[in-house]
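Please look through the structure shown here together with the report that follows.

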Amino acid sequence: MKYSNPKIPEGINSSEENPLKEFALLTTGAFTFIIALVFLLGSILDWSSQFIPFSYEQEIAQPFVDEFLNDDMSKLTSDSDLVASYLQKLADNITPFMSLEEDVEITLHYVNQGTVNGMATLGGNIFIFRGLLEKLPSENALVMLLAHEIAHVKLRHPVKSLSKGVLISLIFAVVSGQSNSDVTGLLSGTSQLAFLGFSRTQEQDADNEAIQLSQKYYQHTQGANELFKVLLAESKQANIETIALLSSHPEVLERINAVKALSQANNWTQQGELILVPSNIVERLVQDKLAQESEENIQDN
Amino acid sequence: MEQFQFQIVIGLVLLLLGYFFGRYFEKKHFQSIVKREAELANVLVIASKHTTASDSNKPGMMVTGSVVISVDYFKRFLAMLRSIFGGRLTSYETLLDRARREAILRMKQEARAMNADRIFNIKLETASISKNASGNIGSVEVLAYGTALINVP
């Protein structure tokens, strides 16, 4: 046998093909598949969550609500019942106009923190933060905010989004048991995107309910405009701009346009008399803020 | 959700870095490999165990060549996608081709340095080094070894 090592042609054991083609193909495939799957499962869960009785929600929520209220950070004192009972009274005034189911109870909580936020969770528990309350210029805007949160409860949004979250966590647990965390990272990232789509729809639906309530309660929708003006100002102050696709809420301008569109379609008055928030409440909020700031100064020093 | 945006941007930057630098180094490496294969063409590597009659009197010694090459982020991502859909992992195939040829070249270089021009009974071994926490390979090592027959003047 005569040995030799001639030059062997390239491209047999390796591929000359551009990997970008493969990358594009696989990523679009994976992306589409995951989004389609999440969308399908999400829609099924949306439909089936309505059969979970409201009493279950209340039972599940109670320990978390208790924990939240007893948490150091909330610093609730007996004086803050003033604001909480004011909010509860307002809510009780507007719920008859919102055609809630019989077993649904709305409980308002006032959270003495500077965060500009309001949220509705399981069991009809609604938390309004001082930071947002401070910024509302009128009771009309506050009613619009409360109506928006109550609409979330009415439309069972908390239980729907939590069930979707649980289902996806289950799927992760199965998938991550089988493969590496990069795959679960891809799955989690893409499904988050799909969930944001659901979230934006929910927010807009809640908006629509709240605008209708505004009209029924005051015979005009200016409260809605007031609220969104505040949110617009807040969003302009935000440090990082989030593009619409990656945001959990519709863009504020879109929400403002929705008010206009809905009012025009139904011939509702968009402007009207504004009722102010009672002065004792406003004073209480200012005092709470000062108290918190001075306590933070004491802690810092 | 701003955090999510941030994560996406970082992911994309890493992918781009991995792709451009990865391709650049790969191209450079392949060019170097082809050049050195031409230079070392007269050092023969033979997989057979048996030497020829004329060679059997020469002194022999083991020569080795090893190389460790790292996987870049782009290759790893592509491999991860392939692990879902299945199929030929071309991104790793080029990596291993490079590593194998480099290891053989280094072994040949050792042999030439010892004044040998035939290496018999060559074997190759591949190992993945530094698997990271999620079980992805960090880098791959190829070891080539064989018996070199030294030309005694």
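## The sheet of chain B

In chain B, four strands make up an open sheet whose order is E1-E3-E4-E2 and whose pairing is mixed; strands count as paired if DSSP finds at least two bridges between them. Helices (H or I, at least four residues) and strands (E, at least two) are DSSP runs, numbered from the N terminus. The edges of this sheet are strand E1 (44-45) and E2 of chain B, each of which pairs on one side only. This is a predicted model, in which local features need pLDDT of at least 70 and side-chain atom pairs count only at pLDDT 80 or more, while totals for chains, interfaces and linings use all residues. Residues are numbered from 1 along each chain as its sequence is written, and chains are lettered from A and ligands numbered from 1 in the order in which they are written.

Strand E4 (residues 139-150) of chain B is joined by 11 bridges to strand E2 (residues 60-70) of chain B, and the two run antiparallel. Along this pairing, Val63(B) stands opposite Gly146(B), and Ser70(B) has Ser139(B) as its bridge partner. Strand E3 (residues 116-129) of chain B is also antiparallel to E4(B) and joined to it by 11 bridges, with Ile119(B) standing opposite Ala148(B). Helix H3 (residues 90-113) of chain B lies across E1, E2, E3 and E4 of chain B and runs at about 145 degrees to E2(B); such angles run from 0 to 180 degrees between N-to-C directions, with axes fitted as lines to C-alpha atoms, for helices over the stretch in contact.

## Chain A as a whole

Chain A contains 10 helices and three strands, and from the N terminus on its elements follow the order α-α-α-β-β-β-α-α-α-α-α-α-α. Of its 301 residues, 28% are buried; a residue is called buried if 20 or more other C-beta atoms lie within 10 Å of its own, exposed if 12 or fewer, and partly exposed in between, with C-beta atoms placed from the backbone. Among the contacts in chain A with a separation of 6 or more, 74% are between residues 24 or more positions apart, a contact being two residues whose C-beta atoms, placed from the backbone, lie within 7 Å.

Arg284(A), Leu285(A) and Asp288(A) are buried in H10(A). These three cover an arc of only 100 degrees around the axis, which puts them on the same side of H10(A), the arc being that of the directions from the helix axis to the C-beta atoms. The face turned away from that buried side carries exposed residues, including Glu283(A), Gln287(A) and Asn297(A). Helix H3 (81-94) and helix H4 (130-135) of chain A are among what covers the buried residues of H10(A).

H8(A), with 16 residues, reaches 23 Å from its first C-alpha to its last, close to the 22 Å expected at 1.5 Å a residue. Its buried residues include Gln222(A), Ala224(A) and Phe228(A).

## Single residues

Arg156(A) is not a glycine, yet its phi is positive, about 60 degrees. Arg156(A) lies in the loop between H5 and helix H6 (157-178) of chain A, and it is buried because 21 other C-beta atoms are within 10 Å. Asn115(B), also a residue other than glycine, has a positive phi near 65 degrees and lies in the loop between H3 and E3 of chain B. Asn115(B) counts as exposed, with 11 C-beta neighbours inside 10 Å.

Key: The expected span of a helix is 1.5 Å times one less than its number of residues.
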